[in-house]
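The remarks concern one interface and the confidence of one chain.

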Amino acid sequence: MAHAYTPGLRVTTRTRIVKERRLPLKGEVVVKAGEVMRAEDVVARTELPGNVQPVKAASMLGIHQEDLEEYMLKKVGDHVAKDEVIATAKSFFGLFKSHVKAPVDGTVESISTVTGQLIIREAPIPVEVHAYFDGTVTEIIPEEGVVMEAVGAFLQGIFGVGGETSGELALAVQKPDEELTPDKLNESHAGKIVIGGSRIQLPAIDRAKQLGVRAVVVGGIDDADLKQLLGYDLGVAITGHETLGLSLVVTEGFGRMTMASRTFDLLGGHVGRRASVNGATQIRAGVMRPEVIIPTETHLTDVREEEGEVQGLTIGSPIRAIRTPYFGRLGEVTALPPELQKLESEATVRVLEVRFPDGSTAVLPRANVEMIET
Amino acid sequence: MSEGKELRSILATDCGSTTTKAILIEKQGDSYRLVVRGEAPTTVEAPFEDVTKGVLNAIMEVEELAGRKLLDGDKIIVPQNGTEGVDAYLSTSSAGGGLQMMVTGVVKSMTGESAERAALGAGAIVMDIVASNDRRLPHEKIRRIRDLRPDMILLSGGIDGGTKTHVVELAEIIAAADPRPRLGSSYDLPVIYAGNQDAIPEIEERLGGKTSLEVTENIRPVMERENLMPARHKIHDLFMEHVMAQAPGYKKLMSWTGYQTNSGWTSAPIMPTPAAVGNIIQTIAKQEGIQVVGVDIGGATTDVFSVFQDVFNRTVSANLGMSYSVSNVLAEAGLPNVMRWVPFDMDESELRNRIKNKMIRPTTIPQSLEELIIEQAISREALRLAFEQHKALAVGLKGVQQERTISDTFEQSSSGETLIDLLGLDLLVGSGGVLSHAPRRIQSVLMMLDAFLPEGVTQLAVDSIFMMPQLGVLAEVNERAATDVFVADCLIRLGTAVAPIGKGKEGQTALKATIQLPSGAQHVEVPFGSMVRLPLAVGETANATFEPQGKLDLGSGPGKSLQTELVGGVGGIFLDCRGRRPFEIPTDPASRIRKLTEWSDALEVYPKEHATASA
Amino acid sequence: MIKNRTPLPASPSSAKRLALSACSGLVLFLGLAALLATSAAAAVPGLVVRDNPDDRGEAILVEWDGEAAGDSVRVERAESEAGPWVMRRALPGSAARFVDQGEGGPERGKTYFYRVNGQVLSATPTAQWWNKGRTNLFLILALYLGLIMVFLNIARKGGSLFIRKIAGLDAMEEAIGRATEMGKPVLYVPGIDDANNIQTIYSMAILNSVAKMVAQYDTELIVPLAKAFVLPLAEETVRSGYMDVGRPDSFRADNIRFLSDEQFAFTAAVNGIMLREKPAANLFLGSFFAESLVLAETGFTTGAIQIAGTANIHQLPFFVVACDYTMIGEEFFATSAYLSREPMLVGTLKGGDMMKLVIMVFLVVAAIAATMGHSEAFRSLLVIR
C-alpha cells in the first residue's frame, strides 16, 4: 500500500510513434512499404459476408405456407429496403390487410413454401483499415495489415470514448480552467479536433456533434452526461467501439477538472496541425489509455526518447488530490511524515501534508495524490 | 499431499498483480505458527520484468522482521541449516491477469458447464464457453477463439462412449482457428482434452500437430457424475509449463519452489492464486466437516468459493470489484440498490463522478467517513451480485434422470437446482481489501451479513492479511501445517451470527435467547427489525438456547427452539432479527436512514458523531 | 308484427242484416244453450294473442291474466274467422300462457284466428332476425372471440405474451442435450390416435419444435407411428423443422417409422426400439391409452430422460410415476404454443386463458352475490331461451 500511485500518463512533445494496423480477418493490403500516408487513407480492406435475417412471412400474414408465393411482392434475388412491404395479404374482401415488411436492407435470398419463411441477406460488410495518422508504412503484414510510423507529439488521456478519428487541432477556450460551453463552438470547428478546458457538458457535446466536430479533448466530464451520451451506464472501462459521432478524450477525470497546464500547452502549441485521436480506453491489466497523436514529421528520423525521470515525492513536489474531499485540487507537499496516521475514516495509512494555493493545508493519504510533472 | 519429512520452517509467497506477499511459518512445539509477513510491489511488468525481484524484496522484508537469514545473495537458503534458511519455499501467482481459459463442451449446460467448473476450480478465468449448441455458426466460433487469445483451452464433450462427432467438430473448429497464445507466440497453445475417451485418436489427429495437446480423463464420464480433478491437475501442470514459463522471471521462480522430503529436495509447482485459495477452503471444510463459503473481493474481480455437501465450487465474477470494476457494480446493481445501504442522502451526479473517478484511479483509498460508507455500500452490492452468480453455477448436474412419485404431480422441480444452502452454512470467510482492511472489524461483519444474508447460526471470519493463497499451496505439501496456521493466524474470528428466517411484525419480539456468557447467563429479547450485539471474545464459546417467536425459523422448524454452542470473535454474537426471505429495507429515504442508523448504532459500526453529521 | 283485434263481431254487410236478424234470436238461444252446457266457459280477462317473439315464425303466443282467469281455458284455432275451429289445448286458467307450436302448429306468414273461451282474436306468426333471449350468449361469444382476436393481433405484431414456465418444457431441451452428449437418439411418440385427433395435431406442432432443437443439436430423432395417416404428417413436420434451422441434409426419412396400427403390436415394436437403440430421451406427447405404462416403464429401465404429456386424464398417473416430467391436460396444449411461438397458437391460448379468467371472476362475484341473497340477478343474465 505504501507505494501506490497512478502510473503517469504519457505527455511527450517528440517521440517515435509506431502502430500496427491490422484487419480483423484476412484480406488485402493495398499499400506498399515506404509509402507516406494520410490518416484517412485505406491501408487494407476485406469484406464480411452479410448477415441473414429469417422472416416468418406466412404466419405474419396468417396464410398457409404453400400459398406464400402468391402473396409475395418480391422475387428471389430482388433487392429490398428496410421497412419496404415485401408481401401482403387481404382477407374479408380487402377489409383486413396484413403486410410483411423487410426488417433490413438486403436481397431476398429464398422463399420457402415449406416453412413459410423468407430469408433476407444483408449486403456484405466492407471492412477497411485506415492509416489512422499521417505517417509512413514501414512494414507489411501480408493479408493482415501494416505497421505505421511517424514522429511527433504524443499524449494520453485518462479516459475516453469513441474510436479513431483525425483532423486539425483547434482551440475553443483560452485557459485550461475554462469550461467548454456550447457558445464557444462555431462553424469553423467542423471537422476538427477541439481542445476544451475544464469540463464539457451534454449541450456542448450535442452542439459539437451538430457542427461535425471530429473529437473533443477536455479536462473533465460528468458521469451523468456520459451516461446520457452513451445511452447506458458504463460498467467496465473498456471503450472505443461506440458510435457517437465524435470521439472524446478526458485528460483529468470525472467532474469539473482543470486540464493540466502541460497538456494544455502542448495541445495549444500545435493548433492548426493535423492530429489523430483514439478514445479507446481499457483500464485493466494491459492498460490502454485514450491518445492524441500529433505527427510533426512523416519522414522518419532518429528520435532520442526523452527519459522522464522517475522521481518520488519530496517536500515541495506539486501534487493533485485525486479523491474526495479535496478532489482535483492542486497543491504542494509540505511534509512527509513517515509514521502511519489515522484518517477520519479510521483507516491507518501513510500520509502527507499539503498546502493549497489559498494557503490552507490538509493531511492526505499518499495513495490519494498524484504527482504533477512540471 | 505427501506429509514427507517434518518441515521445520516454510516460506511462501503470493505474486499478485500489484503486490508480492511473503509469509514465514515455523514449527513451534507441536503446531505450526505464522512468524512474520512482508510485502513488496510485484515486478512482472516494465521496467523490471522479472517477478523474482519483487519476491526477493518481500523475502528481505521478512528477513529483517524475523531477524533471521533466509537469503544467500539472490538465492533462498534450503534446506534449513541451524537458524538459516527454510525447509520449504512455495509460491502462488495471479500476476499478468491470472490464467485465462476458454472451454468447450457439446451441450452448453452439460459438458460445457462441467468444463467451466473444472477451469474455474483450477483458478482460471473462463473467457467463453464454446458449445455445439450455442447457436453460433462455425465461422463465428472461429473468429471468437481468434479474438480471445486464451492462455489455454479445455476441450471436452460427450460422455465416455457418447457422441464423437460433436467433440471432433469442436476440435476441428479449434484447429481452424489456429489460436495463438496471449503471452509470447513462440510456443504452441496448450489444449487439454477431457472429453469422450473413444474420440481420443480423432482428436489427436486433428490437434496433435497444431497445438500442444494433453489428454486426460473425461470430466463427465457419465451424465450422472463429474470427474473434475484430473482436468484440474492438468490445467495446473500446463499453467506451469507453458503459461507461467512465458512470464518474465517465472522460470527462475519455478526453479526455487520446492520442499525437503526424506529423499531430498522435491520441487513443487506454482499454483494460480485462486486455485490455492480454493484448496485451503476445501481442506478446512473436509477437516472440520463443515460447509463453507469463502469470498475474495478484489479490485477487478470477486471470487466466491463454496463447499456444500462435499462439493466444491468456485466462481469468479470478472467484472465485480472495488476499483477497476467499481463502476460496473453500480451499473449492474443500479443506484437504488447501492443507496439503500447509505445512511444519508446524496446527489446522484456527485456519487456517479466519485465512482467513476475511483474506476480511472483505482488505487486511491477513502479518506472521509462518508467515502468509507459509500465504498462499503458498493462492496455489499458487489458481494451480493457475485454470490448470486455463484448460486447460479453451483448447481446440481443437468441432464440426469429424475425419479418421481405420484405426489410430485403438481410440483415437478427441474434438475440443476443450486447447492447453496444458507441455513446449512457453518462458516463464512471474507477476504480482500474492503473486508480485511475495514477500519473496524464490525464493519466487515455487517457487510457480510448484508451481502450474504446467512440464515440460522453462522460463524463469520476474515482473512487477516491475504494469507489464504500461501496456505492453499502449503496444503498441497503439508496439510497440517496449513490448517494449523489457517486456524490460528490466518483467520480473524469475527463471531457468530444468529438470524431467524421469516417475516415478523416490526417491533414485536422475534427472538428470545438465553446465552451462557462467561460473565453469566444473559437473557435477551430481540424485536423484529433490529439487531443486538453481545460480547464474546475470541476463543470463548457459549451455550445458548434460542426461541424464535411466531413463524420465525432457526432451522429446527417455525417457532421451534434451538440449542447450540456459539463461537466468539472480535465482534461477538450478532442476533440479526431483520428477517430473511424476505430481507427488507424501507424504501422511503427517511425510514431507511433511521433504520440503517439504528443498526449501525446497535453494532457500533461507524463512529456516531460522523455518521449523522456527514449527512 | 303483433296484430291485436278488438272483440268481434265485425260489421256484417247491411244487405244481409235483415235475414240475419231473423235468425239472430235462434242463434242467440242456441248459443246460450251451448254456454250453459259447458257451464265454466267464462270470458278470459287480459287476453292477448300475438306472434311468439324471438323465433323462426312458427308459433303464436296466447297470453292472459292467469290470476283472474277461471279454472279452464279452451284455446281453439281457425284459419278464418268463421271457422272451422280446431281445438288446440285446454289449460287451467292459472297457466297464463300457451304457445301454439309444434305439430299442427301455425305456419309462417298466415293469419290465424284464436277463440279462447269464446273470445276471438287473430295473429300472424312472423320470423325475427334476432333472438333477444340469447343476446347474453352472443355477448359471451363476442367477448371470447374479441379476446382471441386482440391477443392474436398482439402476437402477430410481435408483442411479447408471457406464458408460464412449464418444467417439462425446459426439460425438453435438457433431454435432447443429454441424448446429444450420449450420442444416442431421441424418441418421439405422438400417441396412438389418428391424424384427426386434436391431441395428435397438437403433438405435431410440438414435434416441429423438437425437430428444430434436435437439428440444432445435430442428433438423431426417431418417430414411431401407429396410424398410417399420421406418417406423411409427421414426416413433413420433422422435415420442415430441420429445414427451419438450415440443416435439411441431416433429415432422415427412415427414422419416421410406421410400425403397426394394432395397439400392442405397436407398443411391442416401440419397446424393441427402446431396448435396441437405447434412446437417451423419450418424449410421449399425444393421446395414449393402455400402452402408456408399458412404454414409460420400459423407457425408465433404459435410463432415458422421459417427458410425457397427454390430455387423456386416465393415463396421467402412469406417466407421472414413470417419467421425469409430465405435462398435465391443458399444459399439453399450452406446450405447443410455448414451443412454436406461432402467433395463432399463442394468441388463442392467451385469449382462452383470459376468457377463463373472466368466467372465474364472474363465478366468484356471483357466488358472493348469491350468498348475500342476490342470486336472481345473476341467474337471469345466464338464462338462455
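How many residue pairs are in polar contact between chain C and chain A, with both at pLDDT 80 or more?

1. The count is zero, a polar contact being a pair of N or O atoms within 3.5 Å, where within protein one must be able to donate a hydrogen and the other to accept it, and residues adjacent in sequence count only if both atoms are side-chain atoms. This is a predicted model, in which local features need pLDDT of at least 70 and side-chain atom pairs count only at pLDDT 80 or more, while totals for chains, interfaces and linings use all residues. Residues are numbered from 1 along each chain as its sequence is written, chains are lettered from A, and side-chain values use heavy atoms, without hydrogens and water.

2. Nine residues of chain C are in contact (heavy atoms within 4.5 Å) with seven residues of chain A. By class, the chain C side has two nonpolar, two polar and five charged residues.

3. About 640 Å² is buried between chain C and chain A, with 53% from carbon and sulfur atoms; buried area is the accessible area (1.4 Å probe) lost on putting two parts together, summed over both. Arg156(C), Met243(C) and Asp244(C) supply 55% of the area that chain C buries against chain A, more than any other three residues.

4. The mean pLDDT (the predictor's confidence in each residue, from 0 to 100) of chain C is 83, and 89% of its residues reach 70 or more. In residues 29-40 of chain C, pLDDT stays under 50. Where pLDDT is low, the predicted coordinates should not be read in detail.

Notes: Ala, Val, Leu, Ile, Met, Phe, Trp, Tyr, Cys and Pro count as nonpolar, Asp, Glu, Lys and Arg as charged, and the others, Gly among them, as polar.
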